[in-house]
Amino acid sequence: SLRLTWGVDPRVVDLADQIYVFERLGHHLFPAGFSVLWFAALLFLWLAVRWQTPETHAAWRLHAFVVGTIFISLAGFAIAYATAGRPALAAELLRFYWFRLTDVMVPLGVAVGGAVIIDHARARKAWISPAVKTMLVVLAVWQVGQNGYEQIGGRPMRNLHEPEESHFDDWRDACRWIATAGQIPADARFLTPRACRTFKWYTGRAEVVNWKDIPQDPRSIVEWWRRHQMLHATGGETPKDRWFTSLADRGEDRLIELGRYYHADYVLTENWPPLALPVVFANDSFVVYRLSDSGSVGPDDE
C-alpha cells in the first residue's frame, strides 16, 4: 500500500480511494452497500454450531480464528461509523477490506463445525450418518450436474452483466468473429459496453476500459474512472440515469472523437440504435463498427 501511494499527490490518492471504496467496490468495502440479511442468518448458524462444538475438539481452534475475523469486521464497522461525513478519511481506512476475511471464514466455520456435530451425533443415533450422507451426495450431484449442463449447453458464465447475459450466444459469436475472422488486427483497440466482462477473454483484443478491471495504483484508478466518465456517463445525478444504456446512444460523431482520443479502432455495441459508421460485422444483437483511422490525439500526447 505504501509503495503504491509513495510520492503521489495526496489529492490524487484521496480521489482514488473514494472511487475505489464508494464507486467501484462499496459492496465489499462500505457497510452501507452491504446486503446483510443472509450473512446475519449464517452468522447465527455459525454461533449455534460453535456452541455445540466440544472445546476439546481441534475444530475449536478454527472457531477461535473465526471469532478473530469477526472482531476485524467489527473494527471496520466502527471505522465507518466514526468517519461518517468525512469521505476522504473513510475511504483511506476502509479500502483495506475489513470485511472480506469474515466472508470466507464464517461459512468455513459452519461447514467444518457442522461436520463435527454430525460426526458426534451419529454415535448416539445411527440413522443420522446414512441420512446425512445421502443428502450431501444429492447436493453434490445437483451442483456438479448443474455446472456440467451449463458448460455442455453453452449457457452464459455466471454473474455476467448486460448485454452479455441476455444475448450471450450473439455476444460470444461477435467476439469469436473478432478473434478468428482474420479481419481485426491483433493490436486493435475497441470501445466496448461498460459492464461487459468477457471481451478480452473471447477476443484477445484490447479495450479502452471496462467496469470489472479496475487498477490498483491511485493514478491509474483516477484515469480508469475518467475513461468511464468520458465513454459512458450521461451527466445524470441519479443511479438509474447515470450511464448510457448503450455506446450507440453516444452517436457517430462522439464515438469517432472518443476513438481518436483513445486510439480505438472499432466499436462493439448493441445493434440499436443503428449508427452511420462502417459495419464490419453484425448479428441479431450486436454490431462491430470501424471508426475513423485518421490522425488522433490521445491523453498521453497532451
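Which residues in α5 meet which residues in α7? I found A59, L62, H63, F65, V66, T69, I70 and S73 in α5 meeting L101, T102, M105, V106, L108, G109, V112, G113 and V116 in α7, where contact means heavy atoms within 4.5 Å. (Ala, Val, Leu, Ile, Met, Phe, Trp, Tyr, Cys and Pro count as nonpolar, Asp, Glu, Lys and Arg as charged, and the others, Gly among them, as polar.)

A note on what I am reading: this is a predicted model, in which local features need pLDDT of at least 70, side-chain atom pairs count only at pLDDT 80 or more, and totals for chains, interfaces and linings use all residues. Residues are numbered from 1 along each chain as its sequence is written, and side-chain values use heavy atoms, with hydrogens and water left out.

**The α5 and α7 pair.** Next I looked up the geometry. The axes of helix α5 (residues 59-82) and helix α7 (residues 100-124) come within 9 Å and cross at roughly 155°. (Axes are lines fitted to C-alpha atoms, for helices over the stretch in contact, and angles run from 0 to 180 degrees between N-to-C directions.) I therefore wrote down α5 and α7 as roughly antiparallel to each other. (Angles under 35 degrees count as roughly parallel, over 145 as roughly antiparallel, 65 to 115 as roughly perpendicular and the rest as oblique.)

**The α4 and α7 pair.** Helix α4 (residues 37-52) also has its axis come within 9 Å of that of α7, and the two cross at roughly 40°. α4 and α7 are therefore oblique to each other. On the α4 side I listed F39, L42, L43, L45, W46, V49 and Q52 in the contact, and on the α7 side T102, D103, V106, P107, G109, V110, G113, G114 and I117. I sorted the residues of this contact into 10 nonpolar, 5 polar and 1 charged.

**The sheet.** I then traced an open sheet of 5 strands, ordered β2-β1-β3-β5-β4, with mixed pairing. (Two strands pair if DSSP finds at least two bridges between them.) β2 (206-207) and β4 (279-282) are at the edges with a single partner strand each, so one side of each is left without a neighbour in the sheet.

**The whole chain.** I counted 12 helices and 5 strands in the chain. (Helices, H or I of at least four residues, and strands, E of at least two, are DSSP runs, numbered from the N terminus.) The C-alpha trace spans about 80 × 50 × 35 Å along its principal axes.
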